[in-house]
Amino acid sequence: MSTAVGAGQITTGEPAPVRRRRRRRWLSWTVVTLLAVWAVIRVGGLEQGSFLTQLMTVTPIGAGIAALTAVLSLLRRNRPAALAAAVVCAVMVAVVAPRTVAAEQPTARGAPLRVLAINLFTRADAETVVDLVREHDVEVFSALELSHAAVERLDAAGLGRLLPHRVLQPSFGATGSGIFSKHPVKELTGLFTPIGHNMPAAAVTLPGGGTVEFVTVHPNPPLGRKTEEWNAALRAFPPATTSSTIRVLAGDFNASLDHRAMRDLLGRGYVDAADQVGKGLVPTWPSLRKFPPIISIDHILADRRVSVRRVEIFDVPNTDHRGVFAELRLP
């Protein structure tokens, strides 16, 4: 034990190495505690407010942080903290890892339906979008952040010849959206109350007479005071029907499968196409920056009676979102 003398007073303190070890242990336990709270909130669906709602979006990254914390704690011989971090990591992995495994699909012998959803950011490269539609024989295209100018560019690139039927609600900014279809469409009104951006709905008549009700999705993000509005928007979407009509919701949900509001929506009769084929962790935003996308907020949801045959995620120049394509088979 070292001593220091000054002004007639003797004080006793710990050696510097001991103080450093104590600080490292305090830091490790602080990180582990915060990660444990994160895991409890995610598992319990307890997120409230803007910060926690946004935090849930990066839960897969949280699992990685917990694993790193466990390794560092073990290297520093803090075995209790390492064990606690490993348990937290296991909990987080348990809720995200199933998205990497393809699910068993229901028997579906109906018509195929190929769907594409892209947030155009008002200025996505039209030639690339039309090439994707042509290459994958897209039958319904959900376009978000659709401006009047974007519609003109898409048609100039040939979209009108490929998808001549449409229900559009473009704008001069990010609020516009639209449905482009290979098959005849009829606009649906009163199906639900859109909250956020424009979100048109349409009944798509397929060859053979079948009908799919299609909704373009784009609520405002859960930022600040808009968080409750975002929750209300996800609650407002119609459930998957139990009749002969099939519903598909496609677009930028500003939500991941780690949000309770999104899981509640799935619980009303939907499946996430990417999740069904083991691609539920493929990130879709942000794709315009110098670093790669980190979160999955663009989705195609289909009635759980639908079989998901294939999902692809595409980079599209000049937009901050990746496109999502799904090949579905109707019951």
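Is Gly 44 buried, partly exposed or exposed? At 39% relative accessibility, Gly 44 counts as partly exposed, because that class lies between buried (under 20% relative accessible area) and exposed (over 50%), computed with a 1.4 Å probe and protein chains only. The model is predicted: local features need pLDDT of at least 70, side-chain atom pairs count only at pLDDT 80 or more, and totals for chains, interfaces and linings use all residues. Residues are numbered from 1 along each chain as its sequence is written, and side-chain values use heavy atoms, with hydrogens and water left out.

The protein chain holds 10 helices and 14 strands. Both are DSSP runs numbered from the N terminus: helices are H or I with at least four residues, strands are E with at least two. Of the 331 residues in the chain, 48% are buried. Along the principal axes, the C-alpha atoms fill a box of roughly 95 × 40 × 35 Å.

Gly 44 belongs to helix H1 (residues 16–44). Its C-alpha atom is separated by 34 Å from that of Arg 21, 23 residues apart along the chain. Arg 42 also lies in helix H1. At 6% relative accessibility, Arg 42 counts as buried. The side chains of Arg 42 and Asp 258 are joined by a polar contact of 2.6 Å. Such a contact is a pair of N or O atoms within 3.5 Å; within protein, one must be able to donate a hydrogen and the other to accept it, and residues adjacent in sequence count only if both atoms are side-chain atoms.

A nonpolar patch on the surface is formed by Val 43, Leu 83, Val 87 and Val 91. Together these residues have about 340 Å² of accessible area, a value from the Shrake-Rupley method with a 1.4 Å probe, where for residues only the protein chains shown count as cover. Patches are made of residues with over 30% relative accessible area and no salt bridge; like charges are joined within 9 Å, and nonpolar side chains (Val, Leu, Ile, Met, Phe, Trp, Tyr) within 5 Å. A salt bridge is a side-chain nitrogen of Lys or Arg within 4 Å of a carboxyl oxygen of Asp or Glu. Helix H4 (residues 79–96) supplies the largest share of the patch, three residues. Val 87 sits in helix H4. Its relative accessible area is 48%, so Val 87 is partly exposed.

Two strands pair if DSSP finds at least two bridges between them.

E3 is mostly covered, with seven of its eight residues buried. E3 pairs with E14 in the antiparallel sense over six bridges. Val 115 has Ala 326 in E14 as its bridge partner. With strand E4 (residues 140–144), E3 pairs in the parallel sense over five bridges. There, Asn 119 is the bridge partner of Leu 144 in E4. E13 and E14 run antiparallel over seven bridges.

E7 and strand E8 (residues 201–205) run antiparallel, joined by four bridges. Val 185 stands opposite Val 204 in E8.

Several loops carry backbone exceptions. Most residues other than glycine have a negative phi, and most peptide bonds are trans. Thr 122 has a positive phi of about 65 degrees although it is not a glycine. Thr 122 lies in the loop between strand E3 (112–119) and helix H5 (126–135). Asn 318, also not a glycine, has a positive phi of about 70 degrees. Asn 318 is placed in the loop between strand E13 (307–314) and strand E14 (323–329). The peptide bond from Trp 285 to Pro 286 is cis, with omega near -5 degrees. Pro 286 is found in the loop between helix H10 (273–276) and strand E12 (298–303).
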